Amino acid sequence: MNPYDPNTEPGTHFVADTLGISNVNMLNTTYRPADPLYRASTRVITSAYELNEQHDRVTVAAKDAFPLLESIGRGELGRARTSYVFLKTSIPKLGELLTKQDQAADQLIEAVSAYQLLLPEPDTEHASTEAHEEKREQRSGRDDDWAIEGDRQLKALEVVELGDLRLCRTALGEEPYLSDGTGRRPQVLPSTVRRMIADGLLLKDTSESPYRPGQLLSLTSHGEAALGAARTATSRVAAALGRSGAPENLGRPAHPAPAPSAGISSTASHPHSR
């Protein structure tokens, strides 16, 4: 639903209606400042509010001129000479403001069109621009390989599977952190999550703000497959270790029997055997 009134907020109403969003102010929050989409979306927001402002100015000027035009329409031309002076200045001002309003509308249409041209293709519209950039940069021997070493990737997959894990940013510094809604930060590195997003294992919901409540993370089909494979491998290793240890434990006596003494005859314990 479009929350903006076209009669009072034509700029923001046009953006919300064209792009299918409910909060124009949040349009640029899912992009990094260096991203072309950040600059394009910021221009859309600025242009929308510029049109709103120009519309307000036209409305005020029209309201001021309307009583004078209404009196002229009733033939009341000689009631106040000062009204003519005001009318002679207000009409040209209104025309100038209308021209500026048209220019603001043209700039907004151009800004929205430029933004739409930068959007990803429909089949990848839910993937963030950041993920696309990281995928293009992905290569063997990356500098961030440490982020998924050991069991870091498996732990991240398991935590995401549990649900409610979100990638967030602080208001200052743009530093990312993870939240699961409990107030405690989970034992998963943001660098691990960012790397796994770039590798196509995780997906973040870019329709939500990265600041509050954060962008919900979910497993992609590749992530689900990786989690299943890791669990299968772990089970096989545990089973192999169990099989290798069983014969050794069963074949070894718990308490070895003492060897018989060499100096004692077998008949010594039977005195009547002579």
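I started at helix 6, where Pro 190, Thr 192, Val 193, Arg 195, Met 196, Ile 197 and Ala 198 are buried. Buried means under 20% relative accessible area, exposed means over 50%, and partly exposed is in between (1.4 Å probe, protein chains only). Helix 6 covers residues 190-198, and seven of its nine residues are buried, so I noted this helix as mostly covered.

Before going on, I checked what I was looking at. This is a predicted model, where local features need pLDDT of at least 70 and side-chain atom pairs count only at pLDDT 80 or more, while totals for chains, interfaces and linings use all residues. Residues are numbered from 1 along each chain as its sequence is written, and side-chain values use heavy atoms, with hydrogens and water left out.

**The whole chain**

I counted seven helices and four strands. These are DSSP runs numbered from the N terminus: H or I of at least four residues for helices, E of at least two for strands. Read from the N terminus, the order is α-α-α-α-α-β-β-α-β-β-α. The chain has 274 residues, and 29% of them count as buried. I also looked up contacts (heavy atoms within 4.5 Å). Among those with a separation of 6 or more, 60% are between residues 24 or more positions apart.

**The cores**

Next I looked for nonpolar cores, meaning sets of buried Ala, Val, Leu, Ile, Met, Phe, Trp, Tyr and Cys residues joined through side-chain atoms within 4.5 Å. The largest has 17 residues, and Val 15, Val 24, Leu 27, Val 44, Leu 108, Val 112 and Tyr 115 touch the most other members. Helix 1 (10-19), helix 2 (36-73) and helix 3 (81-118) each supply at least two residues of this core. Helix 2 gives the largest share, six residues.

What does Leu 27 touch, leaving aside its neighbours within four places in sequence? I found Leu 19, Ile 21, Ser 41, Val 44, Ile 45 and Tyr 115. There is also a second, separate core of 15 residues, which includes Leu 165, Leu 201, Leu 202 and Leu 217.

**Arg 166**

I then went to strand 1 (residues 166-169), which holds Arg 166. Its side chain reaches the backbone oxygen of Gly 214 at 3.0 Å. Not counting residues up to four places away in sequence, Arg 166 touches several residues, including Tyr 177, Leu 178, Pro 213 and Leu 217.

**Salt bridges**

For salt bridges I used this rule: a side-chain nitrogen of Lys or Arg within 4 Å of a carboxyl oxygen of Asp or Glu. The count comes to eight.

Arg 166 forms one with Glu 208, the closest N and O atoms being 3.0 Å apart. That pair links distant parts of the chain, 42 residues apart, with Glu 208 in the loop between strand 3 (202-204) and strand 4 (215-219). Glu 208 is partly exposed, at 22% relative accessible area.

Arg 231 pairs with Glu 161, with 2.6 Å between the closest N and O atoms. Arg 231 is in helix 7 (residues 221-251) and Glu 161 in helix 5 (residues 152-162), 70 residues apart. I noted both as partly exposed: Arg 231 at 36% relative accessibility, Glu 161 at 42%.

Conventions
Polar contact = N/O pair within 3.5 Å; in protein donor to acceptor, adjacent residues only side chain to side chain.
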